[in-house]
Amino acid sequence: MNPRTSNGGSYARLLKRGVAFGGQFPDVPVTSHQANESTPVANLTRSMAIFAESLLKLAK
C-alpha cells in the first residue's frame with residue numbers, strides 16, 4: 001500500500017497541533033465531509049501504531 005494524503009485539510013488548517021482523525025485505510029468506508037462523519041476506534045489505534053513506528057524510525 002502506498003501512503004497518500006487526502007481529506008482533512010480543512011480541519012488541519014484550523015488546528016495549531018493535531019490531525020483530522022488520522023489514516024484512512026482501504027478496507028474502511030470514507031465518511032469525510034458527510035453527515036455523521038466518523039471513523040472506527042480501530043482506525044485510530046491502527047494509525048497511532050503507524051505514527052509511533054514512523055517517529056521511532058525518524059528519531060534514529
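Is Asp27 buried or exposed? Asp27 is exposed, with a relative accessible area of 55%. The notes below start from the whole chain and come back to this residue.

1. **Model and overall make-up.** This is a predicted model. The protein has two helices and zero strands. Helix H1 covers 9-12, and helix H2 covers residues 41-59.

2. **Burial and surface.** The protein has 60 residues, and 10% of them count as buried. Its accessible surface comes to about 5,300 Å². Carbon and sulfur atoms account for 60% of that surface.

3. **Asn43, a buried residue in H2.** Asn43 sits in helix H2. Its relative accessibility is 3%. The cut-off for buried is under 20%, so Asn43 counts as buried. Leaving aside residues up to four places away in sequence, Asn43 touches Gly23, Phe25 and Val28.

4. **Leu44, the next number along.** Leu44 also belongs to helix H2. Leu44 is partly exposed, at 32% relative accessible area. Its C-alpha atom is separated from that of Gly23 by 7.5 Å. Along the chain, Leu44 and Gly23 are 21 residues apart. Gly23 is also one of the residues that Asn43 touches.

5. **Arg46 and Asp27.** The structure holds two salt bridges. One of them joins the side chains of Arg46 and Asp27, at 3.4 Å from N to O. This pair links distant parts of the chain. Arg46 is in helix H2, whereas Asp27 is in the loop between H1 and H2, 19 residues apart. Arg46 counts as partly exposed, at 35% relative accessibility. Asp27 is exposed, at 55%.

6. **Arg46 and Phe25.** Arg46 lies over the face of Phe25, at 3.8 Å from the ring centre. Phe25 is also among the residues in contact with Asn43. Both Arg46 and Asn43 lie in helix H2. As for ring-to-ring pairs, the structure holds zero aromatic pairs.

7. **Lys57 and Glu53.** Which residue forms a salt bridge with Lys57? Glu53 does, with the closest N and O atoms 3.3 Å apart. Here both partners are in helix H2. Lys57 and Glu53 are four residues apart, so about one helical turn separates them. Lys57 is exposed, with a relative accessible area of 57%. Glu53 counts as partly exposed, at 45% relative accessibility.

8. **What to look at on screen.** Start at Asn43, with its contacts to Gly23, Phe25 and Val28. Then go to Arg46, which lies over the face of Phe25 and meets Asp27 in a salt bridge. Finish at Lys57 and Glu53 in helix H2.

How values were computed
Residues numbered from 1 in each chain as written. Predicted model: local features only at pLDDT ≥ 70, side-chain atom pairs only at ≥ 80, totals over all residues. Heavy atoms only, no water. Buried < 20%, exposed > 50% of the residue type's maximum accessible area, 1.4 Å probe, protein only. Areas by Shrake-Rupley, 256 points an atom, 1.4 Å probe, with all protein chains shown as cover. Phe/Tyr/Trp six-rings, centres within 6.5 Å; stacked < 30°, edge-to-face > 60°. Lys NZ or Arg CZ within 6 Å of the ring centre and 35° of its normal. Contact = heavy atoms within 4.5 Å. Salt bridge = Lys/Arg side-chain N within 4 Å of Asp/Glu carboxyl O.
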